[in-house]
Amino acid sequence: MKRIIAILMCAGMLMSALAVTGVAESAAEQKLSVYASFYPMYDFASKIGGDKVTVTNMVPSGMEPHDWEPTATDIVGLENADVFVYNGAGMEHWVEDVLAALSNKDLIAVEASSGIDLLAGHKHGDGHHHESFTEADVQDRTLADFAGDWQSIYPYMLDGTLDEAVALAAEGGEMTFEEMAAYYKRGFETDINRLVIEGDSITFHTDEGETTAPYAYDGFVFLDYADLGAQSALYRFKATDAVDGAPKYLLFADHNHEAGPAEHFHLNFSEDGTITTEQTLEKFATYFPASATGAQIAEAMAEHSSPEEEEEEEDHHHGEYDPHVWLSPVNAKAEMERIKNALSQADPDNAAYYEANYAVYAAELDALNQEFRDALTPLANKDIVVAHQAFGYLCAEYGLNQVAIEGLSPDSEPDPARVAEIIEFGKEHAVRVIFFEELVSPKVAQTIADAIGAETDVLSPVEGLSDEQIAAGGDYFSVMRQNLEALVAALK
């Protein structure tokens, strides 16, 4: 908000400077000046407006539009524009502030998605918010940080005590409650139901009895889930005496990378002291103080599964709705019609021209819709795994199931638990392709594809075209047909 205000102030000064240098166009040269908030709006307005309009795409070629904001020059352009076309539904978080500050009261602003039934947006993740850190930030710790009497939470997972927390973790994700419960049961499973850590010794309690062994700190393992936007510090302790039944290496992780007493922790075992990110996602035996009741543990887990204030911002101001309406050709047709009406309002003398152009492209959208329907309806497989939760309207239109690695913003990053969900889903459903998009990094998609033996491919949200695509004559229709080819190849 502060940045937008500063831009508006700069734009005001720039307008004052330009006011004395402007030269009026001749009537013969005048066309409607149309500003479009990003590529689909630009393409639709250009097709309907034809040679009667000059359309400016506010977002530069190749730039991801979700977190883009207008410059002072853009604001000046809007002050001189006749029509402003934007998608709405929360896509352009800056629009309300900018429109309210403009002095151009003749500007016709059209929210192209108005009147379209919007889909609710969803967030993914386990609710944890952990600050990023590097290996240099990790502090050494002693066994004293983990001292105490600890109980495994695995029995509470088995008896249903943690069901509410599991339901919260599954909410808004692609795993059902049953799938999430199965995932946690595998992760929490352990035969060590109690740990007593005192001094330099650890006593392991199982149903078969107890074993005590001495341990010494042996450094930490720093796991950088670089492609996932997360890090973890696991504190390694090595048995100083070989005791039958006692693990050689223990690795503690309590979401901290600084010294201090643990509130709970995850425990992994190793014969050589090493561990991989994949192993931490598959097994994470978890311990809480022995004094904690099942209800208290369930409450603590539920808090971890609830969205925090920071996460409420991570979808870049999209709010409660999915804004990607244009990815359904049916919705694109409705958006084109609203744009046609706005151009006709601004330039009634050429209304018939705009109507004729709309008729041409409405027919092509009808044909595109039928192409999608004919190609996708017969396919038995309906599950697509995508990097960015942008394809809800396309999937709803053609009966597909979108499994998104992350939420509505393509540059938000999933946590390891979400990645584990997707890997589990991909293996169970024999997913052959993980989709990513051109304007963001494919690293996370590639990581998941590698884990399940799948390929990666582009599925474009048509949010922007590259210079190469534009030079080759690409547009909404060509990219959507490329999307259809990719979908059919992945699902057949």
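Here is a tour of a predicted model, with a few stops at side chains and salt bridges.

**Stop 1: N268.** Select N268, which sits in strand β11 (residues 265–270). Is N268 buried or exposed? Its relative accessible area is 8%, and because the cut-off for buried is under 20%, N268 counts as buried. Now show its side chain: it reaches the backbone oxygen of K283 at 2.9 Å. Setting aside neighbours within four places in sequence, the residues in contact with N268 include L234, Y249, I275 and Q279.

**Stop 2: the salt bridges.** How many salt bridges does the structure hold? There are 13, and we'll visit some of them.

Pick D145 and R141, which form a salt bridge with their closest N and O atoms 2.8 Å apart. Both D145 and R141 are buried.

Next, select D149 and R194, whose side chains meet in a salt bridge at 2.7 Å, N to O. D149 lies in strand β5 (residues 148–152) and R194 in strand β6 (residues 194–198), so this pair ties together parts that are 45 residues apart in sequence. D149 is partly exposed at 30% relative accessibility, and R194 is partly exposed at 32%.

Then go to D218 and R236, a salt bridge with the closest N and O atoms 3.1 Å apart. This pair links distant parts of the chain, with D218 in strand β8 (residues 209–225) and R236 in strand β9 (residues 230–239), 18 residues apart. D218 is partly exposed at 32%, while R236 counts as buried at 18%.

**Last stop: a network.** Select D43, K47 and D475 together: salt bridges that share partners join them into one network.

Note on methods:
Residues are numbered from 1 along each chain as its sequence is written. This is a predicted model: local features need pLDDT of at least 70, side-chain atom pairs count only at pLDDT 80 or more; totals for chains, interfaces and linings use all residues. Side-chain values use heavy atoms; hydrogens and water are left out. Helices (H or I, at least four residues) and strands (E, at least two) are DSSP runs, numbered from the N terminus. Buried means under 20% relative accessible area, exposed over 50%, partly exposed in between (1.4 Å probe, protein chains only). A polar contact is a pair of N or O atoms within 3.5 Å; within protein, one must be able to donate a hydrogen and the other to accept it, and residues adjacent in sequence count only if both atoms are side-chain atoms. Contact means heavy atoms within 4.5 Å. A salt bridge is a side-chain nitrogen of Lys or Arg within 4 Å of a carboxyl oxygen of Asp or Glu.
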